[in-house]
Amino acid sequence: MAEAAPIADVLVVGSGPAGAMAARDLARSGAKVVILEQGSSAPVGNQLLGLLRRKEALHIAPGVVLLRSLRVGGGSVTFYHTAIAPPLSMFARRGVDLAAALEQVQGEIPNAPLHPDLLAPVAMRLALAAQSLGLPWQPLPKMIDQTLCHDGVCPPEAFWSTHGLLQQAVKEGAHLHTGVRAQRVLFAAGRAVGVQALCDGAQQTFRAGRVILSAGGVASPVILQHSGIEEAGEGFFCDPLRIVMGHLPITRGGQEISMSAGFVDAQAGYMLSDIAIPPNFFRAFAWAAGRPDQLLSFGRTAMIMVKIRDDIGGRIDAQGRPWRRFGAVERQIMQAGVEQARAVLRACGAGRPYVSPWVAAHPGGTVRLGELVDERLSCRSPNLHVCDASVIPEPWGLPPTLTLLALGKYLAQVLSS
Ligand SMILES: Cc1cc2nc3c(=O)[nH]c(=O)nc-3n(C[C@H](O)[C@H](O)[C@H](O)COP(=O)(O)OP(=O)(O)OC[C@H]3O[C@@H](n4cnc5c(N)ncnc54)[C@H](O)[C@@H]3O)c2cc1C
């Protein structure tokens with residue numbers, strides 16, 4: 001085993017939204033912060049085989065794949081920038097008041113509804129069709145700096161990711177180690193004293209006065225299981241989705257921003273929006289839907305995402321394999337959303353809509369607030385914290401990034417006070 005790295009005040013595992021915000025704010029408050037990130041900053045590929053090989057795509061149920069990002073920035077590098085505020089009461093009931101942290105995050109990070117000039121022609125057509133059916137379909141709030149967008153086009157730097165937070169953290173003295181996979185938390189006399197990690201094939205120990213696990217809804221419970229907290233990963237949600245597609249009488253064009261408009265129906269348990277996916281995913285979905293006649297129709301296809309709020313179920317095992325089944329209620333909710341999407345596509349002039357397999361993108365609820373973590377996000381030890389989608393305590397069904405940023409800021413404030 002390699003020499004132990006110098007002692008930090010706080011070790012943050014993972015550089016996704018929650019970890020990056022907590023790290024930046026703690027570094028700003030004067031703490032000596034070390035961030036361990038298993039991924040690299042290499043450009044993101046979206047070939048399905050590569051995703052499966054890198055475990056960025058995981059089979060989680062019969063025919064269902066879950067997507068995540070194992071790289072610097074976590075999900076913020078590949079996400080669709082939709083900024084939905086959390087249901088504050090869900091957290092307040094468990095002693096976590098996120099209101100002030102949320103307000104500060106909203107003051108720092110862009111989250112305004114997309115300006116209608118930035119809706120691509122197909123997204124606008126879908127919005128008008130949905131509104132003609134009486135649906136509350138509106139531009140969605142986006143983590144995009146729209147002041148940088150001109151003539152319907154947003155440059156790459158307009159799209160928010162945690163890279164800015166990480167740069168600020170480093171400027172404040174934090175150290176970001178990439179290619180370091182945390183394996184387990186080390187304890188002495190009931191307190192966390194560091195993390196054992198794998199780095200270039202060798203084990204290394206990182207010592208710290210405090211450990212924050214922000215490795216995401218799949219990885220954090222696995223690290224906890226390897227640290228002796230076996231209940232972690234007992235049940236998870238994943239907000240599964242299907243994409244409903246239809247051939248258009250027009251050709252797509254303009255810069256397409258995924259999830260540019262749509263609506264959340266919290267009562268029905270689903271969210272609908274336009275979506276733009278890479279051509280290889282489109283072809284795989286058309287094939288799986290039994291529509292080989294559509295394989296060459298990417299440029300003339302309108303797509304609607306139907307995302308549902310699923311129950312917490314199944315388990316993530318110690319090897320990091322999530323597995324679960326979706327029940328009758330979840331299938332009914334999905335079916336209702338799909339029918340709604342089909343109606344919008346028909347109103348839009350798209351013929352014979354067809355539907356992708358189920359996909360999931362929001363793993364969470366694996367180390368739930370009120371069960372395994374308390375209001376200081378402490379887990380079993382006063383100086384071991386979990387701060388990512390794992391701690392969301394109930395079935396979710398919403399884009400979680402704004403919530404996770406608020407949780408990161410909340411934790412930094414709790415620890416600095
Ligand atoms: C295609 C897609 C689109 C999405 N669009 C949206 C959207 O529009 N709006 C929204 O709010 N959400 C969206 N999401 C979801 C969002 O990206 C994630 O929910 C969010 O990033 C989760 O944040 P997190 O902080 O919990 O963890 P993550 O972002 O998953 O970050 C965890 C980090 O920890 C690292 N890590 C994991 N294991 C270890 C380890 N053992 N040691 C060290 N590091 C480790 C990972 O590499 C990663 O960098 C989308 C997701 C996908 C897949």
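Visitor: What covers the buried residues of α6?

Guide: The cover includes α1, β2 and β6 (175-178), where contact means C-beta atoms, placed from the backbone, within 7 Å. Helices (H or I, at least four residues) and strands (E, at least two) are DSSP runs, numbered from the N terminus. Mind that this is a predicted model: local features need pLDDT of at least 70, side-chain atom pairs count only at pLDDT 80 or more, and totals for chains, interfaces and linings use all residues. Residues are numbered from 1 along each chain as its sequence is written.

Visitor: Which residues of α6 are called buried?

Guide: In α6 (residues 163-171), they're Leu165, Leu166 and Ala169.

Visitor: What puts them on the same side of α6?

Guide: Directions from the helix axis to the C-beta atoms define the arc. Theirs covers only 100°, so they share a side of α6.

Visitor: What makes α7 stand out around the ligand?

Guide: α7 gives the most to the shell, four residues. Of the 40 residues around the ligand, Gly14, Gly16, Gly74, Gly75 and Gly216 come nearest.

Visitor: And where does Gly173 sit, the one with positive phi?

Guide: Just after α6, with a phi of about 105°.

How values were computed
A residue is near a molecule or strand if its C-beta atom, placed from the backbone, lies within 6 Å of it. A residue is buried if 20 or more other C-beta atoms lie within 10 Å of its own, exposed if 12 or fewer, and partly exposed in between; C-beta atoms are placed from the backbone. Two residues are in contact if their C-beta atoms, placed from the backbone, lie within 7 Å.
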